[in-house]
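Please open the structure in your viewer and keep the selection tool at hand. The tour begins with the whole chain and then moves to single residues.

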Amino acid sequence: MSEEAESLRDVAVAALLTADATGKAAAARRLKARWEAGEIRLSADGPDMPRRPARPARPELLPPAAMPKRGRAGTARTRFALLHALAHIELNAIDLAVDMAGRWGPEMPPEFTSDWLRIADEEAQHFGLLSALLGEAGGGYGDLPAHDGLWEAAEATAHHLQARLAIVPQVLEARGLDVTPPMIERFRAAGDEAAARVLERILADEVTHVEAGNRWFRKLCADSAQKPEDRFRELVRIHFRGPVKPPFNDSARSRAGLTTDWYAALGSADSPSKP
């Protein structure tokens, strides 16, 4: 450990409060490198975790219901819109992973921080790959509006690690396992092999992200003598609005530890009950 090591809380907050999207991605990549070099100490010394991360001036953030329809990936315009939406998801995913490490890392084993800073680094790489595709198409991140619903799950679970692990990696990221394979096929059918390969890379990484969430969730449940499948369903019904919608990529979910008995009954879940 370096004598000049900064606290995990300090560096996580600094990354979250980086507004520029490219700068945020670079900050996330530095976090992982510095953690592995022993330049970050596992400490909560520093400012409180921010309620919301900083965001660039563009894109314009809209309520999900106000977002324009993208259509399918058959035209260059709709493919650009889909890549832009994915880039926005990855930018949020950077913040979600950094927030996970900075908020709970100091009270968890060091391996927890290693996992979430690795995930933040990979989400930053994904953002970079998607940004490059947008650039090759003659545009960039910020050219289209994006919805502002992705951080709501973080705000709703800011003081509950089990709930955060249930909702973010095991519901929101697991949804990516379901919807990405059809997107890959649509891009490939449109002759966009470069985008298809990027999405294949993202899909492979996301399986490991969901697995990390599942593994730490199982550990917390074991520590409190809870059955993880039951606890997962309980927390989803409390903290996630609406059903966990099929169709499911059962194979990818199973590789991540989410077997069908965890989520199948949630497909017809009612709106969440209040804790």
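This is a predicted model: local features need pLDDT of at least 70, side-chain atom pairs count only at pLDDT 80 or more; totals for chains, interfaces and linings use all residues.

Residues are numbered from 1 along each chain as its sequence is written, and side-chain values use heavy atoms, with hydrogens and water left out.

Now colour the chain by secondary structure, which comes to 10 helices and 4 strands; helices (H or I, at least four residues) and strands (E, at least two) are DSSP runs, numbered from the N terminus. Followed from the N terminus, the elements run β-α-α-β-β-α-α-β-α-α-α-α-α-α. The radius of gyration, taken over C-alpha atoms, is 18 Å, close to the 19 Å that the globule rule gives for 275 residues, so the chain is as compact as a globular protein of that length; the rule is 2.2 Å times the number of residues to the power 0.38. Of the 275 residues, 51% are buried, that is, under 20% relative accessible area, whereas exposed means over 50% and partly exposed lies in between (1.4 Å probe, protein chains only).

Next, select Gln-170, which lies in helix H6 (residues 161–189) and is buried, with a relative accessible area of 1%. Show its neighbours: leaving aside residues up to four places away in sequence, Gln-170 touches residues including Val-210, Phe-217, Phe-232 and Trp-262. The side chain of Gln-170 makes a polar contact with the side chain of Asn-214 at 2.9 Å, and a polar atom of the Gln-170 side chain lies 3.1 Å from the backbone oxygen of Leu-165. A polar contact is a pair of N or O atoms within 3.5 Å; within protein, one must be able to donate a hydrogen and the other to accept it, and residues adjacent in sequence count only if both atoms are side-chain atoms.

Then turn to the loops. Most residues other than glycine have a negative phi, and most peptide bonds are trans. Select Pro-59, in the loop between strand S2 (40–41) and strand S3 (61–62), where the peptide bond from Arg-58 is cis, with omega near 15°. Pro-247, in the loop between helix H8 (228–239) and helix H9 (250–255), is joined to Pro-246 by a cis peptide bond with omega near 5°.

Finish at Ala-225, in the loop between helix H7 (193–223) and H8. Ala-225 has a positive phi of about 55° although it is not a glycine, and at 74% relative accessibility it counts as exposed.

How values were computed: Contact means heavy atoms within 4.5 Å.
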